[in-house]
Amino acid sequence: MAADFDVAVIGSGPLGAAAARRLAEAGMRVLLLEEGPAISDPPGAHLRNQARFQADPDSYLPEATGHLAFFDDSQPRDRLPGAAVTEAWGGQGTIWTNLCPRGDAPWDALSAEAWDRYYQIAESYLGVQAEGFERSIRQARIKEKLSAVLSGEGRAVEALPVAAQFGPDDALHFTGPHDIWASCTGIIRREGKAETLIYENGQVRGVRLNGDTIEAAAFVVAGGAIGTPRLLHRSGIRPPALGRWLSYHPLMVAQLVLDESLCAAPGDADRPPRLQIRPTPEAEWYSVVLRDVSPFQPEAPDQEVDPNRLVEIQGICPVDPREENGIRYDDASHPTFHVPLSAADQARMEGAVADADALAQTLGRYRAGCRSTWMPFGFAHMTGTTRMSAQDDGTGVADFDGRVWGFENLYLATNGLIPTRMAVNPTLTGVALALHVADRLLSGGD
């Protein structure tokens with residue numbers, strides 16, 4: 001009896017959408033599964049494209065976080081109170097920040113040439129660009145100001161690539177998973193919770209979905225760095241590395257009032273800036289200067305500030321992957337987290353705060369009530385939970401093709417595959433990996 005589909009992709013976020021499109025473009029009959037409902041129109045579109053968020057960027061974050069399902073936000077820091085999933089069409093791709101730098105810590109799953117090729121395809125799928133922000137008055141002046149200071153430290157200020165395009169009205173259209181799959185025929189979308197994978201002798205035959213069984217010739221699990229290992233655990237697929245080696249980004253945010261010399265005149269139209277300061281051996285964190293969204297309630301006398309004078313600084317600090325750090329599961333596959341910070345992790349965080357203070361002093365001042373603060377730990381950029389390994393030696397869940405060790409037709413497309421400590425936003429790297437995994441599935445690993 002023929003399988004219902006050539007490939008079933010479980011999870012509709014950016015990585016699942018990219019894998020599904022790549023496979024469908026090769027002629028595969030692809031089923032794309034998502035357990036949650038639509039939260040945007042059309043399903044999988046970026047929530048932020050609504051006019052109200054364009055007019056008031058700071059109103060967006062409360063709306064976006066309302067679509068996160070937190071596991072237990074009362075936990076202490078090393079238990080990751082910010083750990084959450086988005087169960088909706090498009091997953092976290094409907095609410096993400098769309099920042100798309102290339103990775104800073106490649107590993108030898110791919111050659112340098114292959115990494116470059118897949119990054120280019122990923123950038124095309126996501127509509128990544130940086131050139132449009134160069135028209136920002138703030139961007140040009142901030143870049144000049146910071147470059148004069150940081151060049152002596154061996155640090156560069158660069159335009160930050162973003163998965164978004166400027167429209168005729170100069171509003172940003174943020175890429176969501178809908179933009180990835182919309183142009184592609186051959187993808188069937190279906191809502192329903194993937195309960196367990198059904199397999200025997202290293203061959204997955206089907207996925208149990210709301211009591212039904214859907215069969216496919218191959219399966220790609222793209223449930224994110226939390227949902228993917230949870231489905232494997234729930235299915236009885238429990239290699240030693242599952243959930244281990246977890247890394248994430250403690251995320252520091254501050255908002256500044258820029259010196260007037262760095263800004264467009266009050267009331268003049270100016271595109272928002274997007275700038276990055278990539279990590280160096282001496283400054284291992286990743287710094288971003290941009291006007292995006294703010295989690296703060298400004299205090300007097302700064303409740304009302306000319307929008308052209310506002311920017312945020314984000315400090316993104318990598319946590320060293322360690323085998324003992326990770327997700328633990330109970331008998332019901334409910335996850336809890338254990339990721340204590342090392343002295344080196346904490347030193348990077350202290351460095352990021354001191355760096356933000358210096359950047360703020362160079363560019364202006366902190367807005368009252370908006371000094372550097374850490375978002376709940378686990379909130380941003382989890383990796384490593386289903387990590388790749390060159391050999392089936394217990395240190396990885398999948399091989400360098402993204403295929404789960406011991407299985408013939410079970411592949412993963414998740415940031416959980418990333419085995420290295422990465423300082424920058426990992427989404428573009430994850431999409432590049434998903435494309436590589438799709439191609440390896442198509443070739444049968446040959």
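In which helix is the place of F53? Select F53 in this predicted model, and you will find that its place is in helix 2, which spans residues 51-55.

**Around F53**

F53 has a relative accessible area of 1%, and because buried here means under 20%, F53 counts as buried.

**The largest pocket**

Select next strand 8 (172-174), which belongs to an open sheet of 3 strands in the order 5-7-8, with antiparallel pairing. Strand 5 (128-129) and strand 8 stand at the edges, each having a single partner strand, so one side of each is left without a neighbour in the sheet. Between strand 5 and strand 7 (residues 162-166), the antiparallel pairing runs over 2 bridges, and if you colour Q129 you will find V162 of strand 7 opposite.

**The nonpolar cores**

Now select L126, which is one of the residues with the most contacts inside the largest nonpolar core, a set of 97 residues; V9, W107, L197 and L410 are the others named with it. Helix 9 (residues 427-443) provides the largest share of this core, 9 residues. A second, separate core has 41 residues, among them A225, W285, V319 and L363. Returning to L126 and leaving aside its neighbours within four places in sequence, show its contacts: W96, C100, A163, T175, I180, L428 and V431.

**Helix 9**

End by selecting helix 9, whose 17 residues reach 24 Å from the first C-alpha to the last, close to the 24 Å expected at 1.5 Å a residue. Is this helix largely enclosed or left open by the rest of the structure? Of its 17 residues, 15 are buried, so helix 9 is largely enclosed by the rest of the structure. The residue that follows helix 9 is G444, and its phi is positive, near 70°.

Conventions:
Residues numbered from 1 in each chain as written. Predicted model: local features only at pLDDT ≥ 70, side-chain atom pairs only at ≥ 80, totals over all residues. Heavy atoms only, no water. Core = buried A, V, L, I, M, F, W, Y, C linked by side-chain atoms within 4.5 Å. Buried < 20%, exposed > 50% of the residue type's maximum accessible area, 1.4 Å probe, protein only. Helix = DSSP H or I, 4+ residues; strand = E, 2+ residues; numbered from the N terminus. Contact = heavy atoms within 4.5 Å. Pairing = 2+ DSSP bridges. Expected span 1.5 Å × (residues − 1).
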